[in-house]
Amino acid sequence: MINNIINSWVFVYGPLSIFLIGLYGILTQNNIFKLVISINIMNLGVNLYIIALGYVHNGIAPIYTEKFKMSGENFVDPVPQALVLTAIVISVAITAFFLAVLIKNYEKYKTLDIEKIKGLEND
Amino acid sequence: MRKFGALIIILALLYFLGSGLITDLKINRKNNLSQKTARAYINRNVKNPEINNQQLHGKTNNENTAANSVTAVIVDYRSMDTLGEITVLFLAVTGVLALLGSSKNNRIKLEKPNYILKISSKFLFPLIFLFGFYIFIHGHLTPGGGFQGGTIVAAAVLMMYFASNNYRVNTTDIKILESLSGLSFIIIGIFGLFILGDFLQNFLNKGIMGELFSAGIVPIIYILIGLKVSAELSNIVKEFMGDK
Amino acid sequence: MINQPVIIILIPLFFAFLIPLISVFSKKIIKIIPVIAAFINLAAIIKILSSSSRILKYFSISGYKIPFGINLIFNYQIGMFLFAINLVALIAFLYFYKNEFNIGNKIAYPIAFTLGLTAANGMILTGDLFNLFVFMELAAISGYIISSHRKGYYSTITYIVITSIGSLLFLLGTASVYNVSGSLSLNTISTGLQGVSGQFIIIISVLFIISLSGEAELIPLNSWVPKVYNKTGDTGRIFFGSIFSSAALFAVIKVLILLFQGSYSYIYEVITVIGLITLFIGEVVAFRQENIKKMIAYSSVAQAGLIIGAVSMAIKNGIINKMVFNAAIFQLFNNIFAKGLILLGVGALGAYHLNNLKNNNKKLLASILTGIGVLSLIGMPPFAGFWSKFYLIKALVLNKFTFFIIIFLFSALFEVYYYMKFLQKLFFSEGNKTKTKKDISFLTYGMMVYLSAIILLIGIFPNSIYKAISDIFMGGIL
């Protein structure tokens, strides 16, 4: 019973809470820089969730060495790790572009508040 | 008011998502790789995924001889995703260059660069560079690979930017390196298309698992990816640090 | 070996990687590279079409068959969609080469357009869930670059935040589906999902629908559409309106059909309701707009809602109702050409605001050609749009979907009214214009005539095109 609760908290509810904290940041914050940080927190939560779902009980890292050379060893799932690698690189790319847009925005309007920018750009 | 409403939405979403997913997901003890494609990837045998107790390390097989299973999945079994990923990074770097390249930003200068950093960076820089290269050349034997090694090289460049106020990176070299690595990746794939019939199929000699020269085109692709990623991330560092 | 559909994705990718290398030597050739890439791609599509069958086939990459590798799906009907999208892309690139090359950074825009074409082709061809995610991200980033204009960045910031939320929800759904069913390939997931509880299916479908609605312009994640359409350049608007939205909508339909295989009918009922709400709200808000760019944006949203609503109405208990489904796919096909022509005409004429259109006799031909596009979109004979809407209404009436018909006709009334108001002001208004656009070049006239000729041809011979594009997921799927 306690084992089930710990399992579900570590593997599912924990990463989902991190994801939802980032979502709360996007819904309520007005500063553009805080939006960038919130998107990064959401990415962190999703990556943790994907990796956590790949764990096998008592599994080891999926690399063949001198010590573990037979097929059929108790390896952890390698596919979620590959998905997370791609997701991390894509999130780095988007963050870099978003920060460049933020710098140009600041040069033009001298403010980082999104409500003020919306008011200035209405035509 | 807005914060209170957002808090209610978030708590409702946590309950909804958690309770719906928990009943069916196979986590920890229930996760059994036997019916999944992961079993075939680990056993390096897509035709008979359930053959266990066959020695793989130190011998050759006719499918994939990279020792690191994650590298085998990224560069061999699902290589189209890797091609898409480097394209995404390439496009984002082009966008950053387009937005920030024309503004005549002054370079971010430090008042007095740290004395320890100034002296030690001179001999640390080639060591960190070499370490980054080691990580992506041995990507099929140890944990690591092209993306990880490229990031380490870009971190070394950032360290040099902080150590001295006069350090610059040459843009033309970076652009040529980036473009040539990307084109080489596609050309290697097209060789696979002509020689064996499918795009990005492994057409070189596969070798023995565990040695440096094994697994056909896998180390070659990872070296190209490592060079490309280090060039692109160094470009981003240069743009954000300013140029004048 | 050149008959594989992979090269449709590879050709623009190759040219896009070539552009920075060429820019070191000479900056003038860069203008023409997207045109060359789109032209060679079109030739490759025609050659592959001539040797393809009408049954859905799976083509492997890296030599591994289903479900162990990434596979592309292709048949004759999908080839026709690819042909339409690449043709409109070629026209957009020619317009960019002639008129708009100097508006932004000279290297970033051609790269972004070429990679946007790659991403659209990839979204239509792929048969794997994570590969769809990667191509959607590529389309999103090329959309960020196209939509960022030195006049203002608020629309880009909104677009970035909304598509980031969408893509992360897609990743959550993909990871959960992989854990339960064990494979990432679209056609083997449903066998792995047998015996799963109803709650899980509801959560998965909610995650996928919300995330895919971001790029396909459906409710709930479509608040970026009017802002972005208002601020981009003309070529960017053609890209968003006719290439990205159609490719994303095709990807949504593909995921809906191949992933769930028609079971769990409550999902499809909810999607029909979402589609109808999008259609109604889109038409009502467009009715009150005075800015023509925002009017076309809301009309595009409404068309997306109509097509999704019709497709999900056609699926019940594992059986596709062929009449309704084929009519909806035909409407999607016609919209690519119609929206492309309208946006090209609006851009060439400079017709951006309803109170700012002056009757200009020199540009009468351009106004007539734009009018052809508008009449096809709202469904007037003898143009292509009339037949697709006629087949759709006939199929709905024969199957007695009365609620759908009522909302459809009501929204069509609004649509006809505001587009007719637009045409009337385009031809007959007498106000004075504050800024005039320069003359339309011969090349642009040629492209508009070509698109109108295609719309007329489809309108005169609808049966052959309808038969050529019907039953798109045939061959062991449902």
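How many salt bridges does the rule find across the interface of chain A and chain C? The rule finds zero, a salt bridge being a side-chain nitrogen of Lys or Arg within 4 Å of a carboxyl oxygen of Asp or Glu.

This is a predicted model in which local features need pLDDT of at least 70 and side-chain atom pairs count only at pLDDT 80 or more, while totals for chains, interfaces and linings use all residues. Residues are numbered from 1 along each chain as its sequence is written, chains are lettered from A in the order in which they are written, and side-chain values use heavy atoms, with hydrogens and water left out.

**View 1. The interface of chain A and chain C.** Between them, chain A and chain C bury about 2900 Å², 79% of it on carbon and sulfur atoms; buried area is the accessible area (1.4 Å probe) that two parts lose on being put together, summed over both. Chain A brings 34 residues to the contact and chain C brings 28 residues, where contact means heavy atoms within 4.5 Å.

**View 2. The side of chain A that touches chain C.** At least two residues of this side come from each of α1 (2–28), α2 (32–52), α3 (78–109) and α4 (114–120) of chain A, the helices being DSSP runs (H or I, at least four residues) numbered from the N terminus. The most is given by α3(A), with 15 residues.

**View 3. Surroundings of F337(C).** Not counting residues up to four places away in sequence, F337(C) touches A84(C), L87(C), V88(C), L451(C), I454(C), I455(C) and I458(C).
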